[in-house]
Structure formats: structure tokens, C-alpha cells
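Here is a short note for a colleague opening this model for the first time. Please read the points with the structure in view.

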Amino acid sequence: MEIGIVGLPGSGKTTIFNALTGSQADVSAFHSGKKDPNLAQVKVPDPRLWKLTEIYQPKKTIPAQVQYIDLGGSISAKSGEKQDVMDDIIRLLRPCDALVHVVRGFEFAGQKPAPQDDFEQFESELILTDLLSVEKRLERLEKEVKKGKKGDPVELELLQQAYKILDAGNALRIAPDIAAAPQLRGYTFLSAKPVIVVLNINEDTKEGSIHLELPKGISLMEIKGSIEMEIAQLPEDEALEFRKELEIEEPAIFRLIRESYRLLGLISFFTVGEDEVRAWTIKRGTKAPKAAGAIHSDIEKGFIRAEVVHYDDLIAAGNYQAAQKAGKVRLEGKDYEVKDGDIINFRFNV
Ligand SMILES: Nc1nc2c(ncn2[C@@H]2O[C@H](COP(=O)(O)OP(=O)(O)O)[C@@H](O)[C@H]2O)c(=O)[nH]1
Ligand SMILES: [Mg+2]
């Protein structure tokens, strides 16, 4: 699972990447054109996991992780970007499962923020890139039909529907069934990817004071990129101290990580014990045996039952025995759909 950080050059993508990952990627290189992308695994901050660690005092605690990739700038010829640079960015964007679209909300080099225009410009670059791939494919299909080849009528129909949406200036996100259809899945359309917009605002800007209107279904988060980056780059104890001073309970960036985890359709279940307290990542809707497979394929193959207690029930009861007494520990079979926050002990045959 990978999340792409996208947006216009100078919007603060690398700054947000550093804030997310604690990396020290160079933010002064933002206009240098062709550059390697920045890549990092990010631990998903989960207060439930911290609480479970307090209860079980394990030797290690292992959080869920997601990969972030900080891509270069624009992907449209209009933006003045070179073709090979754009091709590279698009190639890296295709496999991403979701996008964090960073929009500049701070004044830079005398340029007032213009978030609405900036958002729309990059959004239309995504749409245009998809429109071009649909057009190319449609042309090829037409040629084939002229040559007497039949082609796949379902694919043709779906492509025509996609064309209409894109040509009207809309992202394929508004019609998730089209992009997800098996006939079109190979296209990895950019405008179909789920997206969170991060409005990157200055330290002294009041939240909610900059207006940005987004299409339905896209959520907005305001982040003070520079300051979040500074906090993320501090050693942990200093970061804690700094946050106390600023009266920040948790970095806004933590919320962004959790939101993007959700955006990917991911949930966590936990395993607990004296050795290890651990969060495991699965897709929402996963059944118990497949969830067991996230831990080990042998547990999936030999699955018998799942002993499940929900985190909230465990905390309400106080401890495992009390939860058991209260009837909150259940035995679930192979059709059980694992919920976010389930604490599971799998029973299996080897
Ligand atoms: N004042 C201010 N400057 C920022 C903020 N975020 C980024 N910048 C500056 O904007 C420039 C571009 O940032 P960068 O993260 O490299 O943008 P990118 O091109 O999208 O990766 C750099 O000089 C950053 O220091 C912010 O929140 N406030
Ligand atoms: Mg950058």
C-alpha cells in the first residue's frame, strides 16, 4: 500500500513528506526539475496500541505501516515541465493506491496563496492525463474494428463512459465503478484514486481562514507544514517538550496519517501478549482466515477459530479475564468479518 504526495511545485510536498516521515529531504531543491522521489515507511500512530502496550508491557510494540512517496511537480505540458520529467512522475504515480494532494496556503516569494486555482490546476492535470490515455486507447480500438477485429464491447462501452466524464472536466473518482471494472483496471487512472487535500498553511495563519472549495467526496485537512516538519525532525523527547510548550496534544500530521490509512480502505486488528503487542493491516471487509494470513499463511491454512474481543470492550472491562466474564470474548468462525480494533487470538492446526 502506497500513498503518493502530489501537487504543484512549491506547494510544500517535500515539507509534508518530512513532517510525515521525520526525514530530512531537501526542501530547497523544489524547483530543480528532475530528481529522485523520496520514499519512506510511516508508522501509523494509534493511541489504542499505546494503551495496549501499557496493559501488556510487551518486549516490543509494532505499529501498522504505510509507505509514502514524495513525487515531483506537475504532469501537464502547460505547466512548462519537461516531458521526460512528467513521464517519470506519472510512471511512479500509477501504482499508488491513494493521493495526498498538497496545496499552497502560505505566501511564498511575494506570491499570495491561490489555493482554489492551484487545486483546480493540478486536478485538471490528473484529468487530462487520463483523458489522453482513454483517447489513445479508443483510437486504437477503432482501428482494430476497421481491420475487422471484434475487440471487447464492454471495454469499449466503459471507455466511452470514462471519456464523457473526463471530457466534461470531471475526475473518474465520481464514478468509482467505471475505473474499478475489470476491463479497465489495468489503466490505473490517476483521477480515480482516492485523495485527501492538505492545505499547507503558515505558522501564523488561523485555521479556517483560507477558503478552499472541494468537489464532493474529497476531504480537506489544514496542516502547518513547516512547523510540523520541525517537530517531526526533533528527537522524540524534545518533540514532546516542544508540543507541550505549544499546547499541541498530538501533531496534526498524526491525524493525516490515520485519515490516509482510512482512505486506503485499511483497518487494523491487534495481537497481544507479553512478547509483542502488534497492529496488523487488512482491507476493510476481510474475513477471519484471510486476516490470519496477514500474520502467517500457515495460520490461514490451518484456521480453526478466532478468539475475538474488541478493544473498546477490553478497555471497558479493564482486563482480559474481566472481559471474558462479561461475555465479551467471542469465538468466531471462518465467515467472521474482522472489525477495526478487534483483538484476536487465532486457533489453528499446523
Ligand atoms: N512560510 C512557509 N513556507 C513553507 C511552508 N511549507 C513549505 N514552505 C517553503 O516552500 C518552499 C517549497 O517547499 P517544498 O516542500 O520543497 O515544496 P515542493 O516543491 O512541493 O516539494 C520551501 O522553500 C519551503 O521551505 C509553510 O508552511 N510556510
Ligand atoms: Mg519537493
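Strands here are DSSP runs of E with at least two residues, and helices are runs of H or I with at least four, numbered from the N terminus. The model is predicted.

1. **A loop between two strands.** Begin with Thr205. Thr205 lies in the loop that runs between strand 6 (195-201) and strand 7 (219-223). Is Thr205 buried or exposed? Its relative accessibility is 15%, so Thr205 counts as buried, the cut-off being under 20%. Beyond its neighbours within four places in sequence, Thr205 is in contact with Ile210 and Lys224. Look also for Phe106. Phe106 and Thr205 are 99 residues apart in sequence, yet their C-alpha atoms are 8.2 Å apart in space.

2. **Ser209, in the loop between strand 6 and strand 7.** Ser209 also has its place there. Ser209 has a relative accessible area of 48%, so it is partly exposed. A polar atom of the Ser209 side chain lies 2.6 Å from the backbone oxygen of Lys206.

3. **Asn18 in helix 1.** Asn18 sits in helix 1 (residues 13-21). Its relative accessibility is 0%, and therefore Asn18 counts as buried. What does Asn18 touch, leaving out residues up to four places away in sequence? The list is Ser23, Gln24, Ala25, Val27, Met229, Ala232 and Gln233.

4. **Helix 1 against helix 7.** Asn18 belongs to this contact too. Helix 7 spans residues 225-233. The two helices pack at an angle of about 35°, and their axes are 7 Å apart. Their crossing is left-handed. From helix 1 come Thr15, Ile16, Asn18 and Ala19; from helix 7 come Gly225, Ser226, Glu228, Met229, Ala232 and Gln233. By type, the residues of this contact are four nonpolar, five polar and one charged.

5. Ser23 is in the loop between helix 1 and strand 2 (38-43). At 19% relative accessibility, Ser23 counts as buried; the limit is under 20%. The side chains of Ser23 and Thr21 are joined by a polar contact of 2.4 Å. Not counting residues up to four places away in sequence, Ser23 touches Phe17, Asn18, Ala40 and Gln233. Gln233 is also touched by Asn18.

6. **The buried side of helix 2.** Which residues of helix 2 (residues 47-56) are buried? They are Arg48, Leu49, Leu52 and Tyr56. They cover an arc of only 95° around the axis, so they lie on the same side of helix 2. An α-helix has 3.6 residues a turn, so residues three or four places apart point the same way. The cover over the buried residues of helix 2 includes strand 3 (60-62), strand 8 (266-271) and strand 9 (276-283), along with helix 12 (311-317), helix 13 (320-325) and strand 12 (342-348).

7. **The two ends of helix 2.** At the start, a side-chain oxygen of Asp46 comes to within 3.0 Å of the backbone nitrogen of Arg48. After the helix comes Gln57, with a positive phi near 45°.

8. **Helix 4 against helix 5.** Helix 4 (residues 115-146) and helix 5 (residues 153-167) pack at an angle of about 145°. Their axes are 9 Å apart. The crossing is left-handed. Helix 4 contributes residues including Ile127, Leu131, Val134 and Leu138, and helix 5 contributes residues including Leu156, Leu159, Tyr163 and Leu166. The residues of this contact divide into ten nonpolar, one polar and five charged.

Notes. Residues are numbered from 1 along each chain as its sequence is written. Chains are lettered from A and ligands numbered from 1 in the order in which they are written. This is a predicted model: local features need pLDDT of at least 70, side-chain atom pairs count only at pLDDT 80 or more; totals for chains, interfaces and linings use all residues. Side-chain values use heavy atoms; hydrogens and water are left out. Buried means under 20% relative accessible area, exposed over 50%, partly exposed in between (1.4 Å probe, protein chains only). Contact means heavy atoms within 4.5 Å. Axes are lines fitted to C-alpha atoms, for helices over the stretch in contact, and angles run from 0 to 180 degrees between N-to-C directions. A crossing is left-handed if the near helix is turned anticlockwise from the far one by less than a right angle, and right-handed if clockwise. Ala, Val, Leu, Ile, Met, Phe, Trp, Tyr, Cys and Pro count as nonpolar, Asp, Glu, Lys and Arg as charged, and the others, Gly among them, as polar. The arc is that of the directions from the helix axis to the C-beta atoms. A polar contact is a pair of N or O atoms within 3.5 Å; within protein, one must be able to donate a hydrogen and the other to accept it, and residues adjacent in sequence count only if both atoms are side-chain atoms.
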